[in-house]
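Work through the two exercises below. Try each task before reading its solution.

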Amino acid sequence: MSKSLSQLVSSKAVAEVELWISKYPAEQKQSAVMAALRIVQDENGGYLNRELMDGVAGFLDMPFIAVYEVASFYSMYEHNPVGKYKICVCNSISCMINGSEKIIDYLEKKFGIGVGEVTKDGRFSIKEVECLGACVGAPMMMIGKEYYEDLTPEKIDIIIDGLK
Amino acid sequence: MVNEVCFKNIDKDKAWKLDVYQSTGGYNVLKKILQEKTDPATIIDELKTSVLRGRGGAGFPTGLKWSFMRRDDPGQKYIVCNSDEGEPGTCKDRDILRYNPHALIEGMIIAGYTIGASVGYNYIRGEFWQPYERCEEAIEEARAAGLLGKNIFGSGFDFELHSHLGAGAYICGEETALLESIEGKKGQPRFKPPFPASYGLYGKPTTINNTESLASVPEILSRGGQWFLDIGKPNNGGSKLFSVSGHVNKPGNFEVPMGMPFSELLEMAGGVRHGRRLKAVIPGGSSVPILPGEIMMDTNMDYDSITEAGSLLGSGAVIIMDDLTCMVSVLANLSHFYMSESCGQCTPCREGTGWLSRVVHRIEHGEGRMEDLDMLFDVAVKMGGNYYEREGGRTICALGDAASMPVLSFLKHFRKEFEYHIEHKKCMVARY
């Protein structure tokens, strides 16, 4: 028997999931699955695990597999630990022709990690992502929920310093 | 005639606030419609007159789409806004969500009234957190002012609006994948027919429109369909937002009349960076065929002109490339994107996007063979049809076509660069 969602996450998170459920017709609780996964992922330090996904399934009366399908289909869900600051660098066309590769190189050197890795202190991880829809501000990246545009190495230093 | 519709208030302080929107007549046309109980057929006629064509990329006439809904049939109906902006190069809807959310809300309420829907969902891509918060704020403002909820303007019409956040999947910009996603499933497109107007969200009749289309509706209805049409040209009504990115001095979103010469739009974006030569342009988002710069310099920015020139206006994302751009590396980037974003449902797309990406990648890295070029063509045609022969794709949705068109067009216009890469195992150009 898997644990219920309220045993796994805070009551604030449960209330937030409830709020999302209320946006959809009463018999369509499953519509809140994307929001629920995001909320529990945020609370768990940025990644999901089996127990949390099962908890979401129980809460929304969904088969486990239906939740796993959603959690593995959408790229913003993580299944391995990420940094406290997950740095997502856009690598699509407008960013690429404006030097996104150099931005990734710079970040890799700055933190001494590769794409997909986490710094030893757990603070930073780097991820390459497809178009984030800020093409007129290329090259750009997202850290947490914030966008940072028109990047240069100097600007990246200032942004990262500002996170401390 | 710039910034006349969606960007009307863009230069105002806190343009996204309700009082700013109302200071330029916002919600007046909604009030008029609801209080006078305007015949929905009249609204649809006005939209047809305006020739507003779907701004998400397909260019389907909005008025015609709304007319497919049988508003008087019993049962729940839905209006859904597609703010899952993800076509590489495109970032216009983000600015509507951030700076003019009330135009979208008003447009959605009017749409709801016209098609007989009492509930709307705005599907916002998951990465757009700030735009989502702006929209939530605007929805709260509208609700507090009695513009959303029960009995709006004492008319007896009820309308509720909710945001739904995505979680990272380009395919959800396809309208039926988007519906699946709201239903809490993987975003895999549905077979059409049945079309959403008969079987949409939760199986109920649903209309899905792009953010820019819906946000244009209030201004069109308050100033008249003919006014909007006259901004542009016949069959290509209105103004349009263009996201100009790439090698330009002042990249940005520009709302300009449809039919504006490309050269003028390029000028507005500050011209090609460092005074370099214009090599190529993708005129409508990453999916559409690329065109050489010299063809673009003789082309106007409207659906019909760009089609005649050999590409598509798509989402209005104009990606500018200068003469130091390696076309092989650009295609490798595009092909990688479609491989990553294929939902995996149809074999031609799931397998084909991988083949295209791997073969272009090996050409880029000096491991290509001359016969690869014919193979690329063959795979692209088998997956997405031959765009130049006006063939459609062979998959449930258009992602297969979208992956195929770049390949066919790069080979058509820049084949020499691919041959050079294969023969010399390096780039013809210097930068990348």
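A residue is buried under 20% relative accessible area, exposed over 50%, and partly exposed in between. Keep in mind that this is a predicted model.

**Exercise 1. The nonpolar patch**

Solution: 
1. Locate the residue. Leu64(B) sits in helix α4 of chain B, which covers residues 62–67.
2. Apply the cut-offs. Leu64(B) has 32% relative accessibility, so it counts as partly exposed.
3. Find its partners. Phe60(B), Leu64(B) and Phe68(B) together make a nonpolar surface patch of about 250 Å².

**Exercise 2. The interface of chain B and chain A**

Task: Describe the contact between chain B and chain A.

Solution: 
1. Count residues. Chain B gives 61 residues to the contact, and chain A gives 36 residues.
2. Take the area. About 3,800 Å² is buried between the two chains, with 59% coming from carbon and sulfur atoms.
3. One salt bridge pairs Glu69(A) with Lys186(B), whose closest N and O atoms are 3.8 Å apart.
4. Assign the elements. Those of chain B that give two or more residues to the side touching chain A include β2 (119–124), α7 (129–144) and α14 (327–341). α14(B) gives the most, with 8 residues.

Definitions and conventions: Residues are numbered from 1 along each chain as its sequence is written. Chains are lettered from A and ligands numbered from 1 in the order in which they are written. This is a predicted model: local features need pLDDT of at least 70, side-chain atom pairs count only at pLDDT 80 or more; totals for chains, interfaces and linings use all residues. Side-chain values use heavy atoms; hydrogens and water are left out. Patches are made of residues with over 30% relative accessible area and no salt bridge: like charges are joined within 9 Å, nonpolar side chains (Val, Leu, Ile, Met, Phe, Trp, Tyr) within 5 Å. Accessible areas come from the Shrake-Rupley method with a 1.4 Å probe; for residues, only the protein chains shown count as cover. A salt bridge is a side-chain nitrogen of Lys or Arg within 4 Å of a carboxyl oxygen of Asp or Glu. Helices (H or I, at least four residues) and strands (E, at least two) are DSSP runs, numbered from the N terminus. Buried means under 20% relative accessible area, exposed over 50%, partly exposed in between (1.4 Å probe, protein chains only). Contact means heavy atoms within 4.5 Å. Buried area is the accessible area (1.4 Å probe) that two parts lose on being put together, summed over both.
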